[in-house]
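Let's take a walk through this one together, a stop at a time. Have the sequence and the 3D view open as you read.

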Amino acid sequence: MSGLSGGALLPATFEERGAIVAFTTPALSLARVRRDARQRLILMMPNFGGTEGAFIVPWNGVAEVTTMSVHDRALHEAIETTESVTPDQVRGCTLRIGQSGLAGPVVAEASRLALDSDRRKQIELHFLLVVALLNSLNVPSEELLTLKANQEAWRLKVKALLTQAGQRIGVEINDLQTRIAALARVLLPLGLSSGRQDDRLRGLLHGFADFRDTITEWSASEKSDLAPFARFAGMVADDTLKSADGLFGQLDAAMRDLASVVRDWNVQAKAVVGLAGKLCWLLDGWDFIFVFWDQVQNDPIEIQREAVGRIIRVLPLIPRNEIDRSSDALEQQQLLLQGRQIQSNQDWRRGRSDFDLVTRIEAAKARVLES
Amino acid sequence: MTAPPSLNLFDLEYPLDQISEAKFREIALLLEEARDQPEVQTIMEQIRPQLKRVRPMRKPNLQRLFYLPFEDLLRAEPGGMDDGRIPRRAAQRAWEFVRTKNDASESRIYKVMETRLRALGAGDAPGQSVLARRMWPPAAILLDEAASNAVTNKAIRHELVGVDIELIEGVRQMVRLLSVGEEIQRLKQSLPPMPIRGLDISQMALIRQTVANGHDGKPDRAYAMLLAITVRMSAPAEFLRRIMQLNLDLPTPIKVTVFSRLGRTVLTAMDGQARALAAQTDQAFPARTDQAQRLVAELTAADQVLRDCDPTTRQQLIDLRSAAERACTALVEEASERVHSGLALGAAAPVADLVASETALTALRKCQTFARQVELESVVNQILSTIIRELKIKTIRLFEALPDAKPAERTSLERDLFRCVRMLELSGDPEEADRIRIEAMKIAL
């Protein structure tokens, strides 16, 4: 791939775009992992060394092109060992390595809390799905609310009620339990629209409007060549938000008829899994961009420019085969910027950047994990 | 005494200094409309730091055009300092003087310009530039004459600066900048927006060419052009060092004089930085290290620029270097103390304490990059070597304790091991850190 700007040069699919890896080495920050045509892992480093487009390196050759932090070496190894290439898989590695403390105590704490929260949410989601299924089949579930979830009595009651439910839709109890567990796993980052609190990716949607508005406003008052790029970032955020809203709408509609999803598993669950996967890919990386942008809101203008330059280079553009509708304004702006390089401002103050950047990236990583 | 109504803007639920930038821009424009009101002037003074940061689009007026060549040199404090800066009061007096003393034809021209300016959009820089270029030369001549005569003529002095005699030097400085206003404006439009962190070769060439073609053999003109750009730079001494190496078509003695004068502006700014650095004794190591790093880099550049300058300026530079060395030494000692007290902490210590010791260690590493320039290289290296040695000893003890540890202790020991790996990496030994990490991972994760 020779560039990420311009429709023709966009990756075709999310898998081709790759999953963001939360490295802390500045040169690798928000690089992406994916498989190549021979199914081997490769790393795409956006704008590496100031070049246009992305620099592609075989996974086992990353250490030869840049010096990685110790945390990144561990994360690199973990991804290679587990062959992680989806946002969810990569997040698993990130949390596991993060909790060791190799990216600092704040990331360690945030990783531990995120892992705990994921475990808790998965149980909660599983319970919600059971109750939703029972309600949709008019199987009384009030009794479950009076029992403690970790008691044997509770497990037996759930099994009994699910057996009743299974009989009504013609699904064996074991299959029913497996399917609900599978749905809980798939929906964990997204949650249910009826859930008490926004889950990780559903909650991320709130950040889009804020990012779009603030960066567009910034571009309006910006005097440097970065202004049109910042405006473009706002448009991409808006476009992604619209796509995500549409996908969440479809997912929530499908999940409203949970009984059908569980019954017609091969057809309906496939659609749910597909939508959930697409949402995970679509929103991958935006959490970092929101934090990077938020981090510099009260900083001097030159730091903000540096951040905008960094954001533009890793902007998660929607792959061309994944767009259902096209935005004329976005395409026009993209054409306008095609071939134009972001001018990185000369900086005579050397030796400043790496320590500060690593600190900033680690802080961003912790905030992303906390959210 | 009750504050005037508008000053209550700071007592609102969302005071003026806490609202969004968009709202701030709107309010700044409204205040701008009423800027002649004394209480609005007070508010403008209070929000000036925010105005500088947000830089909202200003409604153009003739006074603003008049200020353009020297706007970056304005300071709120009165005169008296030989730093090339212009007190705001001097600028205000000069503008009032020009408005009052313009002859009939010039006054008519100002009226026409005011009408044309009102018709121009706020962002029409070329249109405003045409008007400004017409205004500056006659104003410079008028002020130059007045400033010369003010020395001996009490009446003119009173009209020009009132009782503030020290403002005359500010007026003279304005004359120098107004005289080359066109060149300054051209450079400002071609260079990156302020603060400029660095310039590429073509931008440096443009400055060189503009100065060489524009000084007409007069040191004041070269000085004014270079000064206007110097104060827009993040690293002004470094800019002077680089531009000094280029051919400005100035005879060497004049060049030395020009750069000595420019050096005074830079040294005064650095003196403020050194004082600010020395005054800090808190634990905010990242900010203090950044300040120290900038100061030392600027000192090194200033040293080269002012190599052949007058003895007074040289002495000022020597004093400044001593002050910077003292401030850096204090910083290194405090950071070292903080790291050593943090080394005893296990990974289970409060996150804030762990972060504090990492921050201090990173500060030491950053100090390492400029320690040589302030004679601290061996001190910093020694401190870091000691830290590395202590960490290595600690990891050996942790590895030894692991086989006999109970499961609960084991987790804690493993976390302590990774903490040592992290600290070793931050201390500057990433390869040893990674070797220990690999060993630790075999038995942990």
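**Two helices in chain B, and onward**

Start in chain B, where helix α7 (residues 125-150) packs against helix α10 (residues 181-190) at an angle of about 150 degrees, with their axes 9 Å apart. Angles over 145 degrees count as roughly antiparallel, so that is the label for α7(B) and α10(B). Keep in mind that this is a predicted model.

Which residues make this contact? From α7(B) come Ser129(B), Ala132(B), Arg133(B) and Trp136(B), and they meet Gly181(B), Glu182(B) and Gln185(B) in α10(B). Sorted by class, that contact has two nonpolar, three polar and two charged residues.

Follow chain B past α10 and you get to the loop between α10 and α11 (201-214), where Pro195(B) lies. Here's something to zoom in on: the peptide bond from Met194(B) to Pro195(B) is cis, with omega near -5 degrees. For background, most peptide bonds are trans, and most residues other than glycine have a negative phi.

Asp216(B), in the loop between α11 and α12 (219-230) of chain B, has a positive phi, near 50 degrees, without being a glycine. Is Asp216(B) buried or exposed? Asp216(B) counts as exposed because it has 10 C-beta neighbours inside 10 Å. Then look at Asp249(B), in the loop between α13 (236-244) and α14 (252-279) of chain B. Asp249(B) isn't a glycine either, and its phi is positive at about 60 degrees. With 14 C-beta neighbours inside 10 Å, Asp249(B) counts as partly exposed.

Now for the inside. In soluble globular proteins, nonpolar side chains tend to be buried together. In this model, the largest nonpolar core has 210 residues, and the members that touch the most others are Leu143(B), Val171(B) and Leu364(B). Leaving out residues up to four places away in sequence, Leu364(B) touches Val332(B), Ala335(B), Ser336(B), Val339(B), Val380(B), Ile383(B) and Leu384(B).

Over to chain A, which has 16 helices and four strands. Of its 371 residues, 42% are buried. Take the contacts in chain A with a separation of 6 or more: 63% of them are between residues 24 or more positions apart.

What about the strands? Four of them form an open sheet in chain A, in the order β1-β2-β3-β4, and the pairing is antiparallel. At the edges sit β1 (19-21) and β4 (54-58) of chain A, each pairing on one side only. On average, neighbouring strands of this sheet are turned by 35 degrees against each other, direction ignored. In general, strands of a sheet pair through backbone hydrogen bonds. For a look at one pair, find β2 (residues 31-35) and β3 (residues 41-46) of chain A, which run antiparallel and are joined by four bridges. Val33(A) stands opposite Leu43(A) in β3(A).

Last stop: where the two chains meet. How many residues does each chain give to the contact? Chain A puts in 25 residues and chain B puts in 35. On the chain A side, the elements that give two or more residues are α3 (70-82), α5 (105-136) and α16 (353-370). By class, the side of chain A that touches chain B has seven nonpolar, nine polar and nine charged residues.

Notes: Residues are numbered from 1 along each chain as its sequence is written. Chains are lettered from A and ligands numbered from 1 in the order in which they are written. This is a predicted model: local features need pLDDT of at least 70, side-chain atom pairs count only at pLDDT 80 or more; totals for chains, interfaces and linings use all residues. Axes are lines fitted to C-alpha atoms, for helices over the stretch in contact, and angles run from 0 to 180 degrees between N-to-C directions. Angles under 35 degrees count as roughly parallel, over 145 as roughly antiparallel, 65 to 115 as roughly perpendicular and the rest as oblique. Two residues are in contact if their C-beta atoms, placed from the backbone, lie within 7 Å. Ala, Val, Leu, Ile, Met, Phe, Trp, Tyr, Cys and Pro count as nonpolar, Asp, Glu, Lys and Arg as charged, and the others, Gly among them, as polar. A residue is buried if 20 or more other C-beta atoms lie within 10 Å of its own, exposed if 12 or fewer, and partly exposed in between; C-beta atoms are placed from the backbone. A nonpolar core is a set of buried Ala, Val, Leu, Ile, Met, Phe, Trp, Tyr and Cys residues joined through C-beta atoms within 7 Å. Two strands pair if DSSP finds at least two bridges between them.
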